[in-house]
Structure formats: structure tokens, C-alpha cells
Amino acid sequence: MTFKLPAIDYLALAPMLVLFGAACAGVLVDALVPREWRYHVQVPLSLVALLASGGFVVALANRKEHVVTAGSAVVIDGPGLFLQGSIVVLGIVALFLVAERRLEPGGAFVAQAAVVAGSEADRKQMRKPGVTEVYPMMLFALAGMMLFCSANDLLTMFVALEVFSLPLYLLCALARRRRLLSQEAAVKYFLLGAFASAFFLYGVAMIYGYAGKVDFRGINEAVLGSSNSKTLLLIGLAMLAIGLLFKVAAVPFHVWTPDVYQGAPTPITAFMAACTKVAAFGGLLRVLYVAFERSSWDFRPTLGVIAAATMIVGAVLAVTQTDIKRLLAYSSVANAGYLLTGTLSMNRDGLKYTMFYLVAYGFTVLAAFAIVMLVRDSDGEATHLARWAGLGRRSPVFASLFTFLMLAFAGIPLTSGFTAKFGVFAAAVGGNMTWLVIIGVLSSMILAFPYLRVVVLMWLSVPGDDTPTVSVPGAFTAAALFVGVAMTLVLGVAPNQALELVNDAGAFLR
Amino acid sequence: MDPSYYIVLSAALFTIGAVGVLIRRNAIVVFMCIELMLNAANLALITFSRMNGSLDGQIMAFFVMVVAAAEVVIGLAIIMSIFRTRRSASVDDANLLKY
Amino acid sequence: MTVTDILLLALGAVAAGSALRVVTTTHIVRAGLWLVVALGAMAACYLVLTAELVAWVQVLIYVGAVVVLLLFATMLTRAPIGPSPELDRARFPAALIGLGSGGGLAALFIFGYRWGKAELAAPGTAGVLGKEIFSGWVLPFEVLSILLLAALVGAIVVSRGERS
């Protein structure tokens with residue numbers, strides 16, 4: 001029996017292959033290198049791998065050649081490369097947060113996850129450095145995200161979904177402090193995530209039944225050409241959408257978000273908020289714009305209602321939060337709504353500004369979580385909002401930075417939040433979704449309230465005895481904070497270059 | 001036999017699994033229900049593969065099984081570690097996180 | 001209705017019935033054992049649908065590995081062996097939703113799909129599937145191996161306890 005291997009364009013796959021390779025090398029490092037040295041090998045290894053991967057993305061972008069490769073499993077096109085690039089860049093910044101060991105001896109991760117809480121062994125391990133397997137796990141997740149954005153059929157997409165989800169479930173369980181909360185978050189995330197991916201898979205089966213194929217081009221052709229009942233297609237699309245909307249944290253599939261954001265170690269929360277958002281929306285964009293564009297009249301009303309509900313529920317529940325991590329989680333839900341608004345415009349501008357929004361939001365949220373990491377007392381991070389009262393007097397620099405980030409979230413002009421929000425809303429008006437824009441503006445107004453409340457709390461209250469100190473950041477956190485804040489400013493003041501970049505990315509390859 | 005029979009069976013199994021996830025509280029049993037849902041999807045894939053006359057559906061089902069195996073490993077590891085730090089495997093038990 | 005038809009109906013009834021038992025029984029261990037029955041019945045369905053390899057893999061991976069792992073986990077977490085009444089949330093709302101959506105799905109499949117006469121594809125033996133995988137699905141296949149590695153390493157990390 002003979003068979004022919006499909007032609008594989010290794011350069012086109014290089015950004016992902018580098019990361020997969022480095023992750024495997026990282027696993028070996030953990031097996032072979034002495035314990036004290038692992039951290040010092042893993043961090044540079046991950047960083048170099050990410051930089052190399054980014055370099056390949058740039059090289060591919062300059063090649064300007066759009067290819068479908070590996071037996072039509074992967075497509076490398078403008079938007080795909082842009083999304084891959086943003087995942088790499090945001091991933092580097094997140095890696096800085098993960099690698100921080102100055103704030104807490106041993107870092108934010110536990111040394112042994114399954115020790116009985118409060119036992120003698122538990123007290124002993126508090127002094128040990130955290131596990132270093134988090135770095136290969138993170139690389140696996142990042143490579144999976146990149147594959148997810150550039151998959152050309154639903155099966156590859158499903159495999160990529162699992163490749164980036166499974167490491168994330170694990171990373172959530174590895175917090176050094178509040179380990180019970182962290183593990184509970186992981187179990188919740190895992191069970192709901194597996195539930196959602198079962199829906200995704202059943203959707204894939206339905207679409208396969210309808211179209212006889214699972215590659216996006218084949219589905220796109222079958223949307224008009226197949227003789228099967230269209231209801232089968234719509235059911236399939238609905239189930240597929242449930243799986244994807246779970247990952248982007250849209251209402252009503254958002255219930256995991258606050259718990260997981262609160263329970264996970266803060267660097268991982270930041271990682272999820274920035275990179276998972278990009279990957280999930282990248283996948284959603286590709287599915288809707290490439291495979292199902294021709295049935296946009298069928299799904300736009302339904303997804304529009306979901307987008308509206310996401311914006312409103314996210315904003316309203318953010319108002320009631322008393323914990324900064326939960327507040328940021330609900331803000332992330334509301335932002336998923338704005339991103340959905342951009343996605344649903346189903347035009348060139350929609351794609352462009354959704355991608356811009358993803359990058360802008362990613363940098364801002366990374367910087368915000370970097371500051372959350374810094375505000376701490378002897379018990380670790382002080383995330384309760386009441387504890388943040390009077391922080392402005394105690395540490396004016398960080399309070400100013402956080403104020404700036406809050407204003408960016410609220411969409412004040414001269415921040416990236418304004419440019420991004422303006423862009424997606426304008427695109428939605430152009431795509432005849434004006435009603436969604438009205439709801440979006442209303443929800444932004446509601447959402448400004450919790451942000452401003454934090455600002456008022458920080459500046460207008462008198463610091464009490466239990467107001468935590470703001471730690472001096474180590475080099476890594478400082479770098480992440482700097483990049484995040486700088487990009488928030490640059491994308492707000494001079495967004496032209498970034499907009500040119502998303503413009504040059506063009507449309508998805510079909 | 002009419003292939004629609006299998007599809008209806010798969011829909012029934014998927015529904016049973018989904019309802020199970022919603023009503024059971026023990027993490028391991030919830031997980032069994034998720035396995036049922038994945039299997040229902042596999043049955044649909046294989047039936048459609050037969051009807052479309054292509055092998056793609058069978059290949060997908062094969063892939064799904066491997067993915068499910070990986071998922072089991074992760075899931076049970078997390079459940080075990082939670083049990084070791086605190087001794088129970090109920091989803092709602094000692095709920096530190098509120099909705 | 002021929003004998004095979006009756007056999008198939010029985011097979012389906014076994015699968016659905018034991019799935020129902022997984023969801024309703026109050027014994028955790030019994031739920032796992034019913035799952036074995038359900039998965040076995042489905043493997044038989046796969047065989048009838050000429051998906052040979054998938055059927056055997058189903059028996060090997062699911063019945064042989066996954067369920068055994070689940071039962072091990074049940075024992076290791078010292079879950080109660082006898083009935084545990086605390087296992088359920090309120091069931092009526094969920095059951096109602098499930099019945100509605102399941103009935104809807106089934107009706108839709110019966111009336112919605114234009115059922116072509118099943119073309120007899122070549123039976124999915126290991127050889128045929130292998131050829132197909134390595135000529136079109138190479139990339140996802142390789143990524144699967146990476147997924148397994150990641151899962152393995154991750155599971156060790158998260159469940160590592162005290163070191164002596």
C-alpha cells in the first residue's frame with residue numbers, strides 16, 4: 001500500500017513549530033536540569049522561542065504569499081498572521097508576568113499542587129520555588145492558540161482548541177496562595193470547558209452531515225449548494241457557536257469567567273484575558289467570515305441578541321463587584337460584547353477593527369493585572385476593593401498608571417480604548433447593526449461607573465492601617481507594565497501605524 | 001436499516017449526557033456525562049461518514065477519542081489534586097466561589 | 001423488519017437505557033459500570049456502520065482505559081461505594097429542557113435531513129484509515145501527539161504531592 005504525504009510548507013508552519021519544539025525542549029529541561037537551574041534555563045528558552053516565532057511571523061508577513069498547506073489543514077493569510085503576531089507579542093508580555101519572582105519568594109506558582117492544605121508539608125513548600133513546568137505549558141497553549149487562528153478545517157480547529165485549553169485548565173490550578181480557590185476554579189473551568197467543547201464537536205458533526213466536508217471552503221460552497229435541509233446547518237452552526245462563545249466569555253456562557261479569573265494565579269488570569277480572547281475571536285472571525293458568510297442573515301439576529309446581552313450583563317454585574325479581579329472579569333465579559341459587535345458587522349471594517357480592538361484590549365488588560373499583582377500585603381495580593389482605598393496617597397505613581405488604564409477601559413479619548421471602541425461601533429453602523437451600537441454606547445456608560453469608582457476610591461479616600469503597600473516591581477513586571485501602558489497610550493494617540501497594519505492584513509483567504 | 005435511526009440515537013444520547021451534566025453534582029459523574037456527549041458526537045460523525053460515503057467522519061471520530069483520553073487525564077488530575085488538598089469530589093461542595 | 005433490524009433496535013435501546021442509568025443512578029461506581037455498557041453498545045453500532053477500526057479503538061480506549069481510569073479516580077477519592085442521595089441538583093427543570101431540546105433535535109433529524117441511500121463506503125479498516133490520515137490529516141494527527149504529551153506532563157505537575 002502506498003500513500004503520498006501532502007506537501008507541507010514548513011516556513012508557513014514555522015511560528016507554531018518553533019513553539020511546539022521549544023515546549024518539548026522545556027519538558028526535557030524539567031526532566032534533566034538540576035532543580036536550582038531550571039528557572040534560569042526555562043525563562044530564556046521560552047523568551048527566545050517566542051521571539052523566534054515572532055520573527056517568523058514577520059518574515060511570513062513580508063513574503064506576502066498566502067498559502068493553504070499541510071493537506072489544507074492550515075491557512076496562512078493576512079488576518080491569520082496578524083492574529084498570530086498579536087498572540088506572540090501579548091504572550092511575551094504575559095511571560096514577563098509569569099516569570100516574576102521578586103514580588104513573592106518563589107513566584108506566583110505553587111511548588112507541589114497536591115499537598116494537604118495547611119499541613120506541615122504545605123508550610124514547608126511555601127518557601128520552595130514554584131514549578132517550572134508552567135513555561136512549557138504556556139508555550140503549548142500559545143502554539144495551540146496560533147494554530148486555532150489559522151486552522152482551515154473544523155477538525156484541526158477542534159484539536160487546536162484542546163491544545164490550548166488543556167494547559168490553561170492546569171495552569172489555573174497552580175496558584176501559590178489561596179490554593180483551594182485556585183483548584184476549585186480549575187475544576188469549574190475544566191468541566192464547563194469540556195461541556196462546551198462537546199457542543200462544539202456535535203456542531204462539527206452536524207455540519208459534516210450537512211456539507212459532507214469540514215474544511216471552511218467546502219462548507220462555504222455547501223451553504224448554497226447542498227441539497228440537505230438548512231436546519232441541519234443552522235443547528236450545527238449554533239452548537240459550534242456555543243463552543244466558541246464559551247471561550248470568548250459571552251453571556252450566557254460566561255458563568256465561569258469571574259470564578260476562574262479570581263481563582264487562577266494572577267499572571268495566568270492576565271494571560272487568559274489577553275491571549276485566549278485573541279485566539280477565540282480569531283477562530284470565531286474565521287468561522288463566521290469564511291465558512292458561514294453566506295448565511296449571515298440567519299445568524300446575525302441571534303448573535304446580535306447575544307452580543308447585546310453580553311454588553312449589558314457584563315456592565316451591570318461589573319457595577320456590583322467588590323473584588324478587583326472579579327471586576328476585571330466582568331469587564332472582560334462586556335468587552336467580549338463590544339468585540340462581538342465588531343465581528344457581527346460582517347464587513348471589511350468589522351474585521352479590521354475587531355483585530356485592532358483585540359490587541360488594544362490585550363495590552364491594557366495585561367498592564368492592569370500587572371498592577372493587581374503589585375498591590376499586596378503579607379497575605380499576598382490584596383484584591384478586595386475596600387483595601388484599595390487611599391492607594392493614591394500611598395503610591396501616586398502606580399495609582400496614576402492604574403487610573404490611566406481604567407480610563408482606557410472606559411474608552412476616554414487619547415487612549416487605545418477610545419480608538420478601538422470607536423472603530424468597532426463605526427464598523428457596526430456601516431454593517432447595519434445600529435441598534436447594537438446604541439446598546440453598546442449605553443453599556444459603555446454603565447461600565448464607566450465601576451472604573452471611575454475604583455479611581456475615586458484610590459484618590460479620594462484616606463489610607464487606613466490595612467491599606468496594602470504597592471510592592472516595587474521586579475524587572476519583569478516593570479517591563480510588562482511599561483509595555484502595556486505605553487501601547488495603551490500609543491494606540492490611543494497615534495494609532496495610524498497599527499491601523500495600517502490591520503488594513504494591510506486584508507481579508508481572510510478563502 | 002434507515003440511518004436516521006442512528007442519528008436519532010445519537011441525539012438521544014447527547015441529550016441524556018447534557019441533562020446529566022446539568023443535574024449531577026459529583027465531578028466524576030459529571031465527567032462521565034461529558035464522555036457520553038462526546039460519544040454521541042462520534043456516533044453522528046460515523047453515521048454521516050457512512051452516508052456521505054467518505055472516511056473523514058471516521059477519522060474525526062478516531063481523533064476525538066484521543067482528545068477525550070487527554071481530557072480524561074487532565075480532568076482526573078485536577079479532581080485528584082483537589083481531593084488531596086481537601087477531601088471531597090463534589091462540584092458544589094464547600095463552595096468558596098460564588099456565582 | 002428483519003432480524004438484523006430487531007438486533008439493531010435492541011442495541012440502540014441498550015445504549016440509550018444504560019446512558020439513562022448513568023445519569024440517574026445514585027451509586028457512583030454503578031454509573032461507571034453502566035457507562036461501560038453504553039460505550040460497548042455504541043462500539044457495536046460502529047461495527048454495523050462498517051467503522052471497524054473506530055469500533056476496536058472505542059473498546060480499547062474508552063472501555064479499557066477511560067472508564068478504568070474513572071473508576072480508579074472514584075476509588076482514590078474515596079467516594080462512597082453505596083448509594084449517595086446527595087448526588088443530584090433539582091432535576092425537573094433540567095430534565096424538561098433536555099426532553100424538549102432532545103425531542104426537537106430528533107424530530108429535526110427525521111424530517112430535516114434528506115436521507116440519501118447509504119452508499120457503501122469501503123469499510124474503515126486500520127489500513128484504509130491510516131492511508132487517509134497520512135495523506136490528508138497529517139498535521140492534526142501530529143498535533144494530537146503533542147496534546148498527549150502536554151496532558152501527561154500537566155497531569156504529573158498538578159497531582160504531584162509530597163516528595164520523600
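In chain A, helices α3 (residues 78–99) and α14 (residues 348–374) pack with axes that come within 11 Å and cross at roughly 5°, the axes being lines fitted to C-alpha atoms, for helices over the stretch in contact, with angles running from 0 to 180 degrees between N-to-C directions. α3(A) and α14(A) are therefore roughly parallel to each other (angles under 35 degrees count as roughly parallel, over 145 as roughly antiparallel, 65 to 115 as roughly perpendicular and the rest as oblique). Helices here are DSSP runs of H or I with at least four residues, strands are runs of E with at least two, and both are numbered from the N terminus.

This is a predicted model, so to speak of local features takes a pLDDT of at least 70, while side-chain atom pairs count only at pLDDT 80 or more and totals for chains, interfaces and linings use all residues. Residues are numbered from 1 along each chain as its sequence is written, and chains are lettered from A and ligands numbered from 1 in the order in which they are written.

On the α3(A) side, the residues that meet α14(A) include F82(A), L90(A) and L97(A); their counterparts in α14(A) include L358(A), L366(A) and F369(A). Contact means C-beta atoms, placed from the backbone, within 7 Å.

Pairing requires at least two DSSP bridges, and β3 (residues 375–377) has 2 to β4(A). Across that pair, R376(A) stands opposite E381(A).

Turning to the chain contacts, 40 residues of chain A and 28 residues of chain C take part. On the chain A side, α1 (10–32), α5 (134–150), α6 (154–172) and α9 (230–248) each supply at least two residues, with the largest share, 8 residues, coming from α6(A). That side holds 29 nonpolar, 8 polar and 3 charged residues.

Chain C itself is assigned domain 1 (1–83) and domain 2 (125–164), bounds that come from an automatic or database domain assignment. Their C-alpha centres lie 23 Å apart.

Chain B averages a pLDDT of 81, and 86% of its residues score at least 70; pLDDT is the predictor's confidence in each residue, from 0 to 100. Over residues 92–99 of chain B the pLDDT is below 50, and the stretch has 14 contacts in the model beyond near neighbours in sequence.

Methods. Two residues are in contact if their C-beta atoms, placed from the backbone, lie within 7 Å. Ala, Val, Leu, Ile, Met, Phe, Trp, Tyr, Cys and Pro count as nonpolar, Asp, Glu, Lys and Arg as charged, and the others, Gly among them, as polar.
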